[in-house]
Amino acid sequence: MELPNLYLSLFRCLLLTTTGYLCVQGLPHHSRRHHHNRHHLHDEHQLYGFRPTKLFVFGDSYADTGNVRKSLANSWKEPYGTTFPGKPAGRFSDGRVLTDYLAKYLGLKSPIAYIWMKLGEKKLHYGMNFAYGGSGVFNTYNLLPNMSTQIDFFEKLMNNDSVYTKWDLQSSLVLVALAGNDYGAYLANNGTAQGLQTFIPLVINQLAMNLKRLHEMGARKIAVTALEPLGCLPRMTQTSWFQQCNETQNMAVNFHNLLLQQAVEKLNNETQDSAFLVLDLYSSFTTVLDHKKDNSGNLKFDTPLKPCCMGVSNGYLCGSVDENGTKMYTVCKDPKAAFFWDGSHPTEAGWRAVFTAMQPTFEQFF
């Protein structure tokens with residue numbers, strides 16, 4: 001599968017994200033398909049005989065709940081966290097993110113962020129979140145711990161510190177989130193469209209190695225995210241006044257997600273216990289973005305591609321202030337009515353809608 005000729009020029013649209021490092025703005029999944037049936041489980045946390053006792057999380061800003069240092073991320077600045085917990089707390093949203101909704105679905109409290117573990121030892125029995133916003137399977141920006149290093153942190157807690165046992169991992173769910181930072185870093189370092197065609201398989205291969213390693217450590221249920229429709233992120237739709245996704249970029253996203261699906265199928269065949277599941281963020285995002293009304297007829301996200309929080313002009317981001325401390329961003333009146341919070345991340349309401357669209361997948365998994 002070859003990438004479009006316009007790939008390189010489109011990727012050159014990279015801008016600084018809210019976290020202060022570059023973020024990929026367009027990449028890889030199979031054709032857009034929509035799940036109209038949003039079945040709700042009556043006894044969700046029992047999960048048909050497998051009730052995870054903990055949740056362990058690895059990845060980037062779509063799953064991070066506070067690991068990135070305050071000096072590196074706008075997620076620790078106002079107005080982040082205004083919906084939940086009421087102040088900036090390191091989440092890249094106005095409130096809850098994917099990790100929080102998954103934990104609630106499992107009947108667990110959201111696992112504590114790795115860097116805060118010593119301050120919340122009583123919370124360790126819910127699992128732990130090792131995800132760092134801006135990270136990838138390879139090194140990306142600001143020397144953030146890549147996914148292999150995040151797994152190293154976890155392995156040390158198991159082997160050397162005896163905080164967790166193999167049984168803890170066997171009886172838990174592992175979430176692995178990868179939203180595209182590897183590609184942003186690659187292109188920021190003068191990567192080419194032609195080179196990207198060989199780089200994407202390298203990312204998938206490394207991701208597959210990480211998944212296999214977690215399985216060998218004891219994990220028996222591992223959910224990994226497919227790439228979201230990066231051409232629909234506000235940073236890419238602002239040129240159309242937030243009216244239209246960049247379909248060329250979303251077509252390119254197919255490549256990554258196709259290879260990911262193949263890699264997961266191979267892992268499931270090798271392990272013979274169907275341990276791995278792809279969380280289809282692409283279809284979940286597009287299901288919500290393409291339908292302004294839910295199944296009850298309630299109007300949602302009138303302008304779904306427009307972010308709630310945005311800089312007042314180019315060069316400013318959500319959370320930016322000038323040298324005098326003056327706010328250089330605007331915030332919408334009701335974050336609950338917006339799907340996107342900033343240029344790259346959903347609102348709490350957006351994540352709730354996305355997770356609702358994914359629930360049938362979990363029913364099949366468990």
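Q: What makes the residues of strand S4 (residues 173-176) count as buried, and which way do they point?
A: Buried means under 20% relative accessible area. In this predicted model, Leu173, Leu175, Val174 and Val176 are all buried. Leu173 and Leu175 point one way from S4, and Val174 and Val176 point the other way. In a regular strand the side chains alternate between the two faces of the sheet.

Q: What makes S4 and strand S5 (residues 222-225) a pair?
A: The cut-off is at least two bridges. S4 and S5 have 3 bridges, so they pair. The sense is parallel. Val174 has Ile222 in S5 as its bridge partner. Val176 stands opposite Val224 in S5.

Q: What is the order of the strands in the open sheet?
A: The order is S2-S3-S1-S4-S5-S6, with 6 strands and parallel pairing.

Q: Why are strand S2 (112-113) and strand S6 (276-279) said to stand at the edges?
A: Each has a single partner strand, so one side of S2 and one side of S6 lack a neighbour in the sheet.

Q: Which strands does helix H6 touch when it packs on the sheet?
A: Contact means heavy atoms within 4.5 Å. H6 touches S1, S4, S5 and S6. The direction of H6 makes about 165° with that of S5.

Q: How do helix H5 (residues 181-188) and helix H6 (residues 193-217) pack?
A: Their axes are 11 Å apart, at an angle of about 145°. The crossing is right-handed. On the H5 side, the contact is made by Asp182, Tyr183 and Tyr186. On the H6 side, Gly195, Leu196, Phe199, Ile200 and Val203 take part.

Q: What makes the contact of H5 with H6 divide into nonpolar, polar and charged residues?
A: The count is 6 nonpolar, 1 polar and 1 charged. Tyr counts as nonpolar, Asp as charged and Gly as polar.

Q: Why is H5 called mostly covered?
A: The cut-off for buried is under 20% relative accessible area. In H5, 7 of its 8 residues are buried, so the helix is mostly covered. The buried residues are Asn181, Asp182, Tyr183, Gly184, Ala185, Tyr186 and Leu187. Asn190 follows H5 and has a positive phi, near 70°.

Q: How do helix H9 (residues 281-290) and helix H10 (residues 348-365) cross?
A: Their axes come within 9 Å and cross at roughly 120°. The crossing is right-handed. Leu281, Ser284, Phe285 and Val288 of H9 meet Trp351, Ala353, Val354, Ala357 and Met358 of H10. This contact divides into 8 nonpolar, 1 polar and no charged residues.

Q: How many residues does the chain have, and what share is buried?
A: The chain has 366 residues, and buried residues make up 60% of them. It has 10 helices and 8 strands. The chain exposes about 15700 Å², and carbon and sulfur atoms supply 51% of that area.

Key: Residues numbered from 1 in each chain as written. Predicted model: local features only at pLDDT ≥ 70, side-chain atom pairs only at ≥ 80, totals over all residues. Heavy atoms only, no water. Axes fitted to C-alpha atoms, helices over the stretch in contact; angles between N-to-C directions. Helix = DSSP H or I, 4+ residues; strand = E, 2+ residues; numbered from the N terminus. Left-handed = near helix turned anticlockwise from the far one by under 90°. Buried < 20%, exposed > 50% of the residue type's maximum accessible area, 1.4 Å probe, protein only. Areas by Shrake-Rupley, 256 points an atom, 1.4 Å probe, with all protein chains shown as cover.
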